[in-house]
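The sequence and model come first.

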Amino acid sequence: MLKKYRVSFYLLLLCANQFLVVDAQQKSISQKVDSVLRLMTLEEKIGQLNQYNDDWTATGPVTLDNSKAEQIKKGQVGSLLNCIGTERSRNWQNIAMQSRLKIPLLFGQDVIHGFKTTFPIPLAEAASWDLDAIQLSARIAATEASASGIHWTFAPMVDIARDPRWGRVMEGAGEDPYLGSKIAYARVKGFQGNKLGDVNALMACAKHFAAYGAAIGGRDYNSVDMSDRLLWEVYLPPFKAAVDAGAATFMNSFNDINGVPATGNKYLQRDILKGKWGFKGFVVSDWGSIGEMINHGNVKNEYEAALSAITAGSDMDMESRCYKNNLAQLVKDKKILVAVIDDAVKRILKKKFELGLFDDPFKFCNAAREQKELNDPEHTKIAREVAAKSIVLLKNQNNLLPLSENLKTIAFIGPLVKALKQNKGFWDVEVPGVDSNFIVSQWEGLQNKVGANTKLLYAKGCEIEGDRKDGFAEAVEIAKQSDVVILSIGERRDMSGEAKSRSNINIPGVQEDLLKELLATGKPVVVLINAGRPLVFNYTADNAPAILYTWWLGSEAGNAIADVLFGDYNPSAKLPISFPGSVGQIPIYYSHFNTGRPATNDSNHNYNSSYTDLSIFPKYEFGYGLSYTNFQYSNLQLSKKKMKAGEQIKVSVTIANSGKYDGEEVVQLYLRDKVGSISRPVKELKDFKKIKLLAGESKTIKFIIDKEKLSFYNQQLQWVAEPGDFELMIGTSSRDIKLKDNFELIQ
Ligand code: BGC
């Protein structure tokens with residue numbers, strides 16, 4: 001006993017000691033920052049707040065600037081984005097070293113889902129509900145990008161998105177604040193690694209602050225009109241999780257929120273982020289968003305735009321040049337204090353120190369390391385595993401899947417079978433010297449998988465878009481010769497992503513017509529749907545016997561899809577966002593309020609909250625996804641039925657794998673607060689566990705209910721748990737609730 005205490009005591013000492021070390025480091029960094037700041041002219045300070053696009057690629061409207069090098073030499077630029085590769089970054093850093101104070105440049109880049117090794121798009125990865133896998137994929141992306149000269153990724157995007165018309169739905173973790181927060185945390189940890197300053201750590205950037213995902217009508221860059229309750233309860237939690245994970249930076253957003261552009265929004269940036277949450281990093285604007293406040297109609301000119309943004313807490317100006325051209329004058333005119341600029345500069349310099357750039361500005365420019373990290377076979381292996389974990393099995397009639405290894409002939413049909421770059425999805429990175437078709441196509445993946453006794457036949461059938469059907473006959477012909485047909489259809493990679501909002505999210509072109517003809521052959525058809533968003537595909541959903549939603553899976557797409565088709569990986573993914581059956585249902589999400597006239601089915605429209613011409617249910621609900629095996633839920637137990645605020649309830653439930661295959665299940669815990677001073681949603685995800693069970697195995701898993709899980713923002717925006725009755729639901733999806741019980745929170 002004594003020994004145990006002694007060990008704990010030493011552990012405590014060790015931890016305390018570590019805190020002291022970190023604290024001392026921070027102290028000495030802030031002393032160093034202060035000493036650099038004292039040497040800086042106002043022009044040099046403003047320079048640190050100025051970020052330009054390098055000319056390698058552009059992710060926004062470019063202002064060509066021939067004098068970039070000259071400006072860097074004068075200390076007028078603090079950071080570049082879209083500068084990739086050790087050679088390029090070394091060149092620019094060399095130029096920065098010719099400036100008076102030799103303050104190193106920061107290189108930022110959208111490393112959204114992998115670097116050279118492309119991982120599934122973030123929405124797909126979110127479908128894995130596998131936080132370790134998500135963190136690992138960010139870790140690998142950071143390892144590769146940091147080896148290629150990059151210090152900072154503009155990721156993760158943690159915007160909650162409930163409108164699949166919005167093209168950027170692909171870039172986040174879906175509709176739910178709980179799942180979104182867990183994923184935000186994992187991604188930040190993954191990018192930043194053990195600590196900033198390690199040679200393989202990237203600074204993370206939680207974006208877009210805030211509520212960008214709620215653009216009206218799903219139209220990118222559109223306004224957001226939102227209650228404080230919704231903001232705090234649904235849209236802010238993933239950002240808070242990013243702060244808790246230690247995110248080094250934030251990016252604000254293009255939208256206005258209730259009439260105030262996020263970029264000039266003091267409430268968001270100063271009061272919430274830097275005030276209430278104590279965020280010590282810096283905020284970068286979105287591309288040109290400071291200048292765009294003129295279009296919003298909130299400021300008259302760039303001078304006012306700069307004033308509004310700096311006052312509101314935007315520290316760095318990405319590409320609008322408003323800070324560079326106006327901050328000095330604003331100081332002269334006594335519109336802002338130098339102290340406001342100093343605070344922004346200090347936040348940026350601090351990160352440059354933490355990264356170790358003042359000690360060695362070329363720390364991330366090691367060409368040998370770049371070669372090594374960009375060619376690590378382990379990265380490919382993990383990309384394949386993460387991709388397989390992201391594929392959602394939507395339908396599997398008569399256990400058509402997994403396919404048998406003894407099939408004689410397979411027809412692989414569709415416009416995406418042999419596609420290369422498409423599989424990467426939007427926001428892949430063009431790495432200098434790397435073939436952008438560095439990818440395993442679906443065709444190649446299947447070829448790698450099947451043995452010599454299986455013949456593979458191919459026909460394109462049709463294009464993704466357009467109405468030409470002249471390829472149908474060949475497709476039908478090879479289908480007839482086969483034991484099974486696999487049809488790969490969907491969107492183009494650039495149909496989702498930034499500025500890619502769509503009002504029609506059906507499967508484009510004649511692809512579903514092709515399916516119809518293939519089904520008419522009587523052959524079993526497995527459909528792969530490739531997309532960056534939830535699509536509407538009712539014909540496929542109602543008629544195809546088996547459907548895998550493959551999103552965009554990255555470099556290893558083909559191998560991962562083949563692994564799932566043949567059962568080398570048993571699908572375990574669950575939808576992180578509701579799939580509508582019609583655009584008319586949007587926005588549709590599981591955690592809605594009950595309303596005063598709730599509808600419970602689609603046949604009764606007697607003055608209730610329903611559509612007379614549409615279902616009230618999504619086609620596939622949040623949390624939905626099948627497996628090749630079956631899971632049985634039983635024995636839900638609560639340690640008590642009444643709890644006080646300081647207490648906990650222990651919940652246990654037994655899950656058994658009753659099928660033939662080993663598999664993983666995401667066990668989801670939802671709560672409903674039956675009566676609240678503000679109406680509470682019909683259910684809210686409050687916990688989940690992803691478990692692996694061998695065929696025939698069963699496990700008892702445990703959850704803890706505490707006050708935190710019962711709390712919400714009341715009308716005064718206080719985070720409270722109100723006494724009363726709660727319903728607890730354990731499900732395999734948000735709709736398929738297997739077990740229920742009730743408990744009470746007492747005074
Ligand atoms: C996007 C950001 C991105 C930035 C830099 C903007 O258009 O909204 O998410 O990080 O460009 O590429």
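Two strands pair if DSSP finds at least two bridges between them. Helices (H or I, at least four residues) and strands (E, at least two) are DSSP runs, numbered from the N terminus. This is a predicted model, in which local features need pLDDT of at least 70 and side-chain atom pairs count only at pLDDT 80 or more, while totals for chains, interfaces and linings use all residues. Residues are numbered from 1 along each chain as its sequence is written, and side-chain values use heavy atoms, with hydrogens and water left out.

An open sheet of five strands has the order β18-β26-β25-β20-β21, with mixed pairing. Its edges are β18 (642–644) and β21 (684–693), each of which pairs on one side only. On average, neighbouring strands of this sheet are turned by 25° against each other, direction ignored; axes are lines fitted to C-alpha atoms, for helices over the stretch in contact, and angles run from 0 to 180 degrees between N-to-C directions. β18 runs parallel to β26 (residues 737–746), and three bridges join the two. K642 stands opposite E744 in β26.

Another open sheet has six strands in the order β11-β16-β15-β14-β12-β13, and here too the pairing is mixed. β11 (392–396) and β13 (455–459) are the edge strands, pairing on one side only. β14 (residues 484–490) and β15 (residues 525–530) run parallel and are joined by six bridges; L487 stands opposite V527 in β15.

| Helix | Strands touched | Angle between directions |
|---|---|---|
| α18 (residues 472–480) | β12 (409–413), β13 and β14 | about 165° with β13 |
| α21 (residues 557–565) | β14, β15 and β16 (546–549) | about 145° with β15 |

**Domain contact**

The domain assignment gives domain 1 (389–585) and domain 2 (631–745); such bounds come from an automatic or database domain assignment. The centres of the two domains, taken over C-alpha atoms, are 35 Å apart. Six residues from domain 1 and nine residues from domain 2 take part in the contact. Between them the domains bury about 580 Å², of which 41% is on carbon and sulfur atoms. Buried area is the accessible area (1.4 Å probe) that two parts lose on being put together, summed over both. Of the area that domain 1 buries against domain 2, N570, S572 and K574 supply 71%, more than any other three residues.

One salt bridge is found across this interface, a salt bridge being a side-chain nitrogen of Lys or Arg within 4 Å of a carboxyl oxygen of Asp or Glu. K574 also forms a salt bridge with E665, with the closest N and O atoms 3.2 Å apart.

**Other local features**

The count of salt bridges comes to 47. One of them joins E171 and K207, at 3.6 Å from N to O. This pair links distant parts of the chain, 36 residues apart: E171 is in the loop between β4 (152–153) and α7 (177–192), and K207 is in strand β5 (residues 205–209).

A cis peptide bond joins A155 and P156, with omega about 5°; P156 is in the loop between β4 and α7. Another cis peptide bond, between I586 and P587, has omega about 0°, and P587 is in the loop between α21 and β17 (631–638). K334, a residue other than glycine, has a positive phi near 60°. The loop between α13 (322–332) and α14 (338–355) holds K334.

Terms used
Contact means heavy atoms within 4.5 Å.
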